[in-house]
Structures are given as C-alpha cells and as structure tokens.
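I opened the notebook to look up how the inside of this chain is packed. These are my entries, in the order I made them.

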Amino acid sequence: MNFTKIDRVHFHTFDSLRFLSFLLVFLRHSPVPEDSILYYFSHEGGIGVSFFFVLSGFLITYILILEKINNQGKVPLKKFFKRRVLRIWPLYYAMVIFAMCTPYILSFFNISYSNEGYLPNWFFTLTFLENYMAMFTKLLPNVAPLTVIWSLCVEEHFYIFWGLAFYFISLKNISKLLIGCIIFSFIMQAVYERYNLNTLDIFTNIHYFAFGAIPAYIFVFKKNIIEKLGEIPAFYKNIYAISIIGFILIVANTDVIPDLKVSSFLFSVLFSGLILFTLGKKNVFKIPDASILARLGKYTYGLYLFHTIFISLFVKIGNKTNMNWIMITTLSFIGTVLLSILSYHLFEKQFLKLKNKQP
C-alpha cells in the first residue's frame, strides 16, 4: 500500500449541510401548527439526525484514512481521541451540569416543568449511556437539553469503535469493514424490531456512518469515480437534490414506506450520494464559507444542544402571554443562535485551541 503523504482538503458546503440538518431537528421540537407549510418538515427530526450521522461518518473516516496514510499505516489513537474529547466533552458536560441544576432554577423562579419522560439517571448521563436509558424506558429525559443527547452518545460510541477499527485494520480492508457494518446494522434492526426495542444505539445506526464513509473512501482511493461524477450535468444533480427533499416529505408525512429499515437504508444511500456530488471540482451544490448557512453551520453543535432549552422557555412564556407560535419559534431560534455563537467563541474555542498542543 502506498503511504505517500496526502494533504487534508477542506470541504465547502459541509457546514451548510450540517445547519440544514439542524433545521429539521429544530422544527421537530418547535410548536409548528398543522396549518403551516413548515409542519410538513417538522415530523421527522430524526431524518436530520440521520444526515448528521452520515456527514460524521464521512468526515471521521476521511480524517482516519489520512492519519493512517500519513503515519505509515498507523493511526495515532491518542491524538484522535484527544481531538474528539476536546470537541465534544466540554460543552456536553456543561449542559449536563445545567440539566442537573434546572429543577432548582425553575423552582426558584416558581416556573413549572414538564413531568413527561423519565427522571435522569446521572450515571448513564455522565458516561454517555443516556441512549440506553431512552431505549429501555421508551421515553426521553424530562429535562432539556438531555432530550437530544442520545444522538451524541451514539456519536461518541462511533468515535471509539471507528478509531479502534482503523487502528487495527489495514487500508485494503476498509471496504470490508464498511460492508460488514452495513449488513450488521440491518440485522440488528431486525432483531430490535422483533423484541420491540428502540433503535437508538450504535449497533442499529452504524450503517449511517458506514454509508457516509463510502464517499470518503472513494474520494481518497478512487479519484476517477469522483471525476466521472463531476461530468454529470448540473440539471440532473439538482433533480437528485430535489428528489431527496421530496423523499423526506413523503416519509415524514405518509405511510408509503412503513418499514423503518427500508426508509433508513434509502436515506443512507441518498445522503451518501449527495455527499459524493459535493466532492468534485464541479460542485453545483457548493455553498461558500462566507454564506450565512455556512457561518451558522460552524455553530451546529451548540445549536443542537441549546435549541430545546430556548423552545421550552419560550413555550412557557408564550402560554402565559398568548404569544403565537411564529414569535415563539423566532425568539427560540434567535436565542439559540446567539448563545451558540457566544458559547463557541468564549467557551468551546478555548478547548479547541488545545487540539494541536503537545501533551
């Protein structure tokens, strides 16, 4: 295997895609009424999470392949895990502390809080196992932002498994790993369906990451395929993107595809294909880094964690002041964006600066 050093590429459009994925999740948790056109996009926030997983599968796989090539077939696990910890843990644990304090804060201000869901078991929360509590209780935690961290737990488990997998396997066996993960995931989905378990763990979601990894593998090792895809006329690529939006609306609002295994497979394939179309030099979906979508996408992690807090807050205020859903949603969005920007620059960025420092 050739270990010629490869420089890392910056992928335009990815920050924008992350932000659009977040919007689906945001609308899912917002009080959008049935008579609004946005209601048709608000049914399946899970689709946005699925797209997050596919994007993560691409980026992490790309990073690990380059690490393996540039380090003569070895993955520096300490460096890889350090970077993941510095990106995820600080804000995650800050939000866990906030969630622990929330009942006392609400009681102090004499604000009622929801009894829907289960009381958090802090051992599972602190150890990134909240998704298993949600699976076996078939509920979500009753305090924001813990309602959305099940997916962060899945992400964390993916980082551990993927880092170890790339550490031990050779580059020529990566394709076997991806195929094996896809097959294993759908077997586990069938098993969970048989025993009526929610599919909120890495075993039943690993196919999303694997399908995201396929474009990364092709981008590094099969440049000719990327070049051929680049020759496809922009018209057909735009039709493809529109078809994805249409498919999201159909799955979210109808029972045309009642089998979740089938819909998750189709979404995996469609999202993987969309990523492939953004990798060539002729990227018709390219969204400049200076665009508002890309700028907001930079803060997606904070947006994802903060949005349920603001939605819950403004829903409570709205119920007392007869505020309409548009105002509630708008204020929730503005509050989420502002706090995410502040969090990134004043808090998260201080840890990100440590990524490249020697221990």
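**Entry: helix H6.** I began with burial. In H6, 14 of the 19 residues are buried, so the helix is largely enclosed by the rest of the structure. I note that this is a predicted model. Next I checked the length of H6, which covers residues 150–168. At 1.5 Å a residue, its 19 residues should span 27 Å. I found the end C-alpha atoms 28 Å apart, which agrees.

**Entry: the core.** I then looked up the largest nonpolar core and got 103 residues. Which residues have the most contacts inside it? They are Tyr92, Phe158, Trp162, Phe166, Leu279 and Leu305. Helix H2, residues 45–70, gives the largest share of this core, with 14 residues. As background, nonpolar side chains in soluble globular proteins tend to be buried together.

Setting aside residues up to four places away in sequence, Leu279 touches Phe11, Phe58, Pro215, Phe219 and Ile226.

**Entry: Thr61.** I looked for Thr61 and found it in helix H2. Is Thr61 buried or exposed? Its relative accessible area is 0%, so Thr61 is buried. Beyond its neighbours within four places in sequence, Thr61 is in contact with Ser56, Trp162, Phe166, Ala213 and Ala216.

**Entry: aromatic rings.** I counted 41 aromatic pairs. I took two of them that involve Phe11. The rings of Phe11 and Phe14 have centres 5.5 Å apart and planes at 35°, so I logged this pair as tilted. Phe11 and Phe14 are both buried.

For Phe11 and Phe219, the ring centres are 5.3 Å apart and the planes stand at 70°, so this pair is edge-to-face. It links distant parts of the chain: Phe11 is in the segment before helix H1 (14–29), while Phe219 is in helix H8 (residues 202–221). The two are 208 residues apart. Both Phe11 and Phe219 are buried.

I also noted one aromatic cluster. Its members are Phe53, Trp150, Phe158, Tyr159, Phe161, Trp162, Phe166, Tyr208 and Phe209.

**Entry: charges over rings.** Which residue lies over the face of Phe219? I found Lys223 there, at 3.6 Å from the ring centre. I logged a further case at Tyr195: the charged end of Arg194 sits over the Tyr195 ring, 5.4 Å from its centre.

Terms used:
Residues are numbered from 1 along each chain as its sequence is written. This is a predicted model: local features need pLDDT of at least 70, side-chain atom pairs count only at pLDDT 80 or more; totals for chains, interfaces and linings use all residues. Side-chain values use heavy atoms; hydrogens and water are left out. A nonpolar core is a set of buried Ala, Val, Leu, Ile, Met, Phe, Trp, Tyr and Cys residues joined through side-chain atoms within 4.5 Å. Buried means under 20% relative accessible area, exposed over 50%, partly exposed in between (1.4 Å probe, protein chains only). Helices (H or I, at least four residues) and strands (E, at least two) are DSSP runs, numbered from the N terminus. Contact means heavy atoms within 4.5 Å. Rings of Phe, Tyr and Trp (its six-membered ring) pair if their centres lie within 6.5 Å; planes under 30 degrees apart count as stacked, over 60 as edge-to-face and the rest as tilted. A charge sits over a ring if NZ of Lys or CZ of Arg is within 6 Å of the ring centre and within 35 degrees of the ring normal. The expected span of a helix is 1.5 Å times one less than its number of residues.
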